[in-house]
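Colleague: I have the model open and a few things to ask about it. Can we start with whatever you think is worth a look?

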Amino acid sequence: MKRAIALLVAVGASVVAVPAAAQAAPPGVEWRSCGNSGAQCGSVSVPLDWTKPNAGRISVAVARVSAADPARRIGALFINFGGPGAPAVSVVRDEVQEAFPADLRARFDIVGVDPRGVGDSVPAITCPKPPQDPKITQFPRTEEQFQRLVAYNREVAQSCRQATGPLIDHADTVNTAKDFDAVRIALGESKVSWLGLSYGTLLGSTYARLFPNRVRSAVLDGAVDHALGPRRMVADETRVYEDVFRLFAKWCAEDTSCALHGHDVVAEYRALLERAERTPIPAEGIPDGVSAEEIGYAVYSAIYLRDNWAPLAQVLTEVLTPTPNAARFAGAHTDAAYRVIACHDFPSDVRSLADLTARRQEALRLAPVTRGYVEGWDVQAGCAGWPVKANYPWGNYPVRGVSNVLVVGGEHDPSTPLPWAIGLACQIQGSRLIVSHEVGHTAYFNDPATRQREVDHLLSAA
């Protein structure tokens with residue numbers, strides 16, 4: 001999953017099928033030209049609640065770039081690059097040439113859909129109270145701090161409800177997957193192909209479970225295993241983040257181009273976080289300084305893309321000094337859509353300070369340097385006490401009757417660790433698993449050879 005953190009060095013129980021009457025074909029999309037790459041944009045009207053299709057409607061935004069070689073066109077390719085809550089319309093509209101290999105652009109209509117509540121979809125998920133506040137720790141040490149965290153989470157949810165309206169109760173991935181099928185119908189496609197990365201693998205696998213006969217082919221890269229449960233989610237990410245940070249430190253030790261070459265990066269970074277956990281690090285223009293959480297989450301967000309390592313090292317030079325300035329690490333945050341969707345799909349089982357304390361101890365054992373500042377912790381701490389009922393809770397959701405699914409996992413992916421890909425592949429009958437040995441979140445963005453295998457799979461599937 002891709003966590004939205006502000007850092008200057010960063011890039012980027014079964015569900016009953018909808019009754020036939022609820023899936024009446026929506027009208028075709030009214031396209032308009034948009035962007036500078038030949039894209040078309042439009043929207044599709046869908047039910048607010050697919051279990052009650054007559055109880056109000058919302059719209060989801062759509063963009064497509066038609067296949068460059070229409071004589072050899074295969075069909076429509078749905079894309080989702082993660083989140084939860086990452087828009088896709090802007091990628092297709094503005095970055096299609098950079099984001100997709102020429103082979104895909106030639107043979108497929110590239111179709112981006114902004115999930116309900118996200119991007120240009122209407123209404124938007126809005127939370128006037130930010131999901132994170134640097135003054136409210138997600139790593140409480142006292143009962144008072146824990147109660148403040150839970151109370152703050154509830155205030156965030158209430159602000160989301162007031163600003164967003166009833167959509168907040170239906171912003172889960174099952175409803176979103178059904179929206180995608182409404183888009184498929186509006187496009188006039190009998191089947192679609194899928195390229196899902198990170199959270200997009202949960203969306204793609206959910207679609208395949210609900211509509212197996214509508215999937216021509218799928219690549220699910222950076223797989224999310226919805227059967228994990230919250231404790232393993234945190235532990236797996238914590239363990240691999242530590243591994244990747246040590247690889248980053250090894251690179252700095254060996255490569256003179258690293259701005260931290262000659263430093264003991266592991267020891268200095270560990271000391272920095274330990275110090276920041278006691279007292280915030282000074283930051284120009286920020287009277288209260290910058291917390292360990294802001295630094296730890298920001299480094300996690302940057303380090304999982306290999307191309308970020310050089311600029312990350314440069315920024316770390318500003319805090320790994322006797323007189324640190326942590327200003328560029330301030331403002332780590334989770335956005336509104338991310339929090340609302342995540343609490344539907346990955347609800348927290350944290351009920352007490354003792355729960356978080358035990359997990360903190362486990363994180364420090366698994367990762368004495370990086371100390372557990374991972375996405376899974378933000379989800380579990382940030383959803384503790386969340387008052388909106390989770391529509392798509394943790395569980396084993398087998399996928400049957402779908403063919404041509406390729407699951408991809410990375411040996412050194414701290415955001416979606418390799419065991420998650422293994423777990424997802426076991427849940428999708430007939431799927432195939434390949435492993436990337438490169439460093440980074442998703443092979444698509446970090447491993448050109450494996451990305452080509454993904455492209456080949458999409459092109460050649462029967």
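Modeller: Start with proline 123, which is found in the loop between β5 (108-113) and α3 (143-164). The peptide bond that joins valine 122 to proline 123 is cis, with omega about 0°. Bear in mind that this is a predicted model.

Colleague: OK, stepping back. How many helices and strands are there in the protein chain?

Modeller: The protein chain has 15 helices and 11 strands. Its radius of gyration is 22 Å, close to the 23 Å that the globule rule gives for 462 residues, so the chain is as compact as a globular protein of that length.

Colleague: What does the C-alpha trace span along its principal axes?

Modeller: About 60 × 45 × 40 Å.

Colleague: And what share of the residues is buried?

Modeller: Buried residues are 59% of the 462 in the protein chain. As for the surface, the chain exposes about 17,500 Å², and 51% of that comes from carbon and sulfur atoms.

Colleague: Charges too, while we are here. How far apart are the mean positions of the positive and negative ones?

Modeller: They are 5 Å apart, taking 45 positive and 50 negative charges in the protein chain.

Colleague: Which residues of β6 point which way?

Modeller: Val192, Trp194 and Gly196 point one way, while Ser193, Leu195 and Leu197 point the other way, and all are buried.

Colleague: What does β6 pair with in the parallel sense over four bridges?

Modeller: That is strand β4, residues 75-80. Two of the facing positions can be picked out: asparagine 80 stands opposite glycine 196 in β6, and leucine 77 stands opposite serine 193 in β6.

Colleague: And how many bridges join β6 to β7?

Modeller: Six, and β6 and β7 (residues 215-221) run parallel. Tryptophan 194 has alanine 218 in β7 as its bridge partner. Between the two strands the chain passes through helix α5 (residues 199-210), and this β-α-β crossover from β6 to β7 is right-handed.

Colleague: Back to β4. Is it mostly covered or mostly open?

Modeller: Mostly covered, with six of its six residues buried. β4 also pairs with β5 in the parallel sense, over five bridges. There, glycine 75 stands opposite phenylalanine 108 in β5.

Colleague: Why does asparagine 404 count as partly exposed?

Modeller: Because its relative accessibility is 25%, and partly exposed covers what lies between the buried limit of under 20% and the exposed limit of over 50%.

Colleague: What about threonine 442, what phi does that have?

Modeller: Threonine 442 has a positive phi of about 75°, and it is not a glycine either. Its place is the loop between β11 (432-439) and α14 (443-446). Threonine 442 counts as buried because its relative accessibility is 2%.

Colleague: How far is the C-alpha atom of valine 455 from that of phenylalanine 100?

Modeller: The separation is 9.5 Å, and the two residues are 355 residues apart along the chain.

Colleague: And alanine 449, buried or exposed?

Modeller: Alanine 449 is found in helix α15 as well, and it is exposed, with a relative accessible area of 53%.

Colleague: How far is alanine 449 from proline 387, in sequence and in space?

Modeller: Alanine 449 and proline 387 are 62 residues apart in sequence, and their C-alpha atoms are 45 Å apart in space.

Colleague: Thanks, that covers my list.

Key. Residues numbered from 1 in each chain as written. Predicted model: local features only at pLDDT ≥ 70, side-chain atom pairs only at ≥ 80, totals over all residues. Heavy atoms only, no water. Rg over C-alpha atoms; globule rule 2.2 N^0.38 Å. Buried < 20%, exposed > 50% of the residue type's maximum accessible area, 1.4 Å probe, protein only. Areas by Shrake-Rupley, 256 points an atom, 1.4 Å probe, with all protein chains shown as cover. Lys, Arg positive; Asp, Glu negative; His and termini not counted. Charge placed at Lys NZ, Arg CZ, Asp CG, Glu CD. Pairing = 2+ DSSP bridges. Right-handed = clockwise from strand over helix to strand, strands pointing away.
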